[in-house]
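Here are a few friendly notes to read alongside the model. Have a look at it first, and then we can go through the points together.

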Amino acid sequence: MQSPPSMASLQLSCTVLGTTAPKPHTLPNARRSRRFHVSCSGGPAEEGKVDRRNMLLGLGGMYGAANLVSDTKLARADPLLPPEFKSCGVAYVGEDPLDVNCCPPTSDVIKDYKLPPVHRLRVRRAAHRLNLANVAKYKRAVKMMRDLDVADPTDPRGFSQQANIHCAYCNGAHDQVGHEGLDIQVHFSWLFFPFHRWYLYFYERIMADLLKDPTFALPYWNWDQPKGMQLPWMFDEEDSSLYDPNRNQDRRPPAVLNLALNSTITDPVQIISNNLSLMYNEMIGTPASATDFMGKAYRDGDAPPTYPDGGTSEKGSHTAVHAWFGDPRNEYNEDIGNFYSAGRDPAFYSHHANVDRMWTIWNDIPADYQKAITDPDYLNASFLFYDEKKQLVRVKVADCFNHKKMGYDYEKVDIPWVRSKPPQRAAAVNIQDLSKGVKTAEKVFPLKLRKTTRVLVAKPTVGKADEVLVLENIVTDNRKLIKFDVFVNDEDDKPEEVDRAEYAGGFTQLPHRVKAKNSVSDLRLNLKQLYENINIADDDTVVVTIVPLINGEAVTIGGIKIVEAPTA
Ligand code: C2O
């Protein structure tokens with residue numbers, strides 16, 4: 001096997017580590033056991049960084065040689081690299097290997113994607129406002145994609161192949177190049193919005209191309225608006241290409257979407273008020289930095305991030321919609337309730353169009369922190385997708401910041417949640433009264449979250465302050481759907497009402513794959529605004545209430561504390 005020219009100059013000495021001899025051409029249904037990795041040491045000429053672009057050019061080349069580029073010593077801290085499709089392996093849920101193969105077709109040619117010039121913007125419209133002709137058009141597009149599945153199952157434009165993209169990038173089918181055993185995970189980090197934006201971009205372009213309609217735009221599910229707070233009807237007609245039988249049957253329209261995931265509450269007025277308040281919090285009230293909203297940093301060689309690393313929008317409304325509509329009759333809440341299967345539900349793409357719309361809206365909301373993330377490891381992170389001409393392309397995060405340059409925009413509608421700040425309490429609670437009979441943290445933790453628990457927690461500073469509530473070492477069973485909520489100084493004890501000043505935030509986990517059966521993570525909730533809203537007195541303790549909503553018995557919380565907010 002010959003090395004591509006860019007490789008030859010690197011003067012590497014490499015050893016192939018692997019148990020099974022690699023096949024010269026790994027088939028799309030490659031199993032994890034066929035993988036191997038290469039350990040290299042850089043030649044003397046190559047101290048430090050190597051031009052990654054040149055290195056990447058080797059990726060589409062011969063199997064094996066392509067792996068030479070992936071040595072960790074050369075990589076240092078760097079942007080996440082796109083996966084090597086040829087070494088795609090088995091996807092997982094928890095520790096259970098999936099019985100589906102979600103690896104993409106392979107290709108020897110990878111092009112760096114350039115945004116084509118925009119002649120006319122596609123306008124993505126709210127699904128509940130779409131006229132019949134446009135609904136029919138979208139149905140036709142999905143039908144055409146489903147037909148491609150049958151005509152040629154390896155056609156990357158087919159509906160199943162499109163669905164598999166999500167599985168492969170989210171359930172551990174792709175290892176990070178050069179880091180065997182470290183998954184690529186496009187959730188729970190700053191890659192969340194960019195990855196999904198690019199994903200929808202090609203999905204939409206494929207449809208426009210199949211329809212031969214360059215104006216075709218993906219409808220968005222306007223779930224942040226009362227009229228959109230149910231599954232749009234177009235997805236619920238059983239004989240349509242937009243229908244998916246694997247959904248929670250109790251939540252078919254006109255059932256009201258409950259972003260709080262609290263199924264004990266049925267009053268639609270309260271549900272909608274909760275939803276709007278949650279939207280306000282995740283978009284405006286809670287984030288105190290760009291990464292609070294976007295998700296934490298995630299670079300080449302980092303362990304795959306987990307739920308708490310995600311941004312407020314991802315962890316909030318985004319996850320809630322997945323969880324609410326996933327089918328509880330299926331072991332892992334398939335389809336939309338689990339990452340590996342979510343793309344099989346046509347509603348997923350409209351859901352994510354609204355998630356993407358949230359990114360555009362957040363960008364325009366004035367804030368006292370800087371919105372742009374300028375870290376090169378963010379800007380240069382890249383992914384691979386097939387475009388509408390079946391060409392495998394490499395796209396960069398930095399190229400997706402301006403959605404209009406990508407050729408689309410969103411129909412403007414009223415955004416009621418900007419006016420949904422939880423009402424401020426007139427007077428502070430009396431902490432002496434409230435804390436009667438409430439135990440201190442040392443007595444309660446570690447806590448198995450079987451029932452609603454109240455606990456007294458010390459503050460570093462009395463009264464209003466810039467502080468963060470930390471729930472530490474939260475151990476969750478990755479296979480389970482999980483939700484719990486947290487309130488501070490709540491004397492009303494109405495856990496079903498999250499549209500109140502005392503609501504601090506929640507924890508939601510979709511069943512997903514990380515390395516082990518359990519995840520261990522910390523949940524950090526900013527308290528600065530909450531203290532203002534509850535009008536806290538000069539107290540040095542607060543009462544924290546933790547309310548399990550879904551599968552509390554699969555959660556153990558190691559400890560709880562309040563710390564000063566880190567200075568950014
Ligand atoms: Cu990639 Cu909504 O998940």
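**Notes on charge pairs and packing**

1. At 33% relative accessibility, Asp112 counts as partly exposed, a class between buried (under 20% relative accessible area) and exposed (over 50%), with a 1.4 Å probe and protein chains only. A word on the basis: this is a predicted model, in which local features need pLDDT of at least 70 and side-chain atom pairs count only at pLDDT 80 or more, while totals for chains, interfaces and linings use all residues. Residues are numbered from 1 along each chain as its sequence is written, and side-chain values use heavy atoms, with hydrogens and water left out.

2. Which residue does Asp112 meet in a salt bridge? The partner is Arg394, at 2.8 Å from N to O; a salt bridge here is a side-chain nitrogen of Lys or Arg within 4 Å of a carboxyl oxygen of Asp or Glu. Asp112 sits in strand S5 (residues 110–112) and Arg394 in strand S10, so the pair ties together parts that are 282 residues apart in sequence. Strands (E, at least two residues) and helices (H or I, at least four) are DSSP runs, numbered from the N terminus. Arg394 is buried, at 7% relative accessibility.

3. Val393 also belongs to strand S10 (residues 392–396), and is buried with a relative accessible area of 2%. Its C-alpha atom is 4.7 Å from that of Lys111, 282 residues away along the chain. Leaving aside residues up to four places away in sequence, Val393 touches several residues, including Ile110, Tyr113, Phe202 and Phe385, where contact means heavy atoms within 4.5 Å.

4. Arg129 and Glu411 form another salt bridge (3.1 Å, N to O). Arg129 is in the loop between strand S6 (122–124) and helix H4 (132–151), and Glu411 in the loop between strand S11 (408–410) and helix H13 (431–434), so this pair ties together parts 282 residues apart in sequence. Glu411 is buried, with a relative accessible area of 14%.

5. Where do the partners Asp356 and Arg197 lie? Their closest N and O atoms are 2.7 Å apart in a salt bridge. Asp356 is in helix H11 (residues 347–364) and Arg197 in helix H6 (residues 192–211), so the pair ties together parts 159 residues apart in sequence. Both Asp356 and Arg197 are buried.

6. The protein chain has 15 helices and 19 strands, and buried residues make up 60% of its 568 residues.
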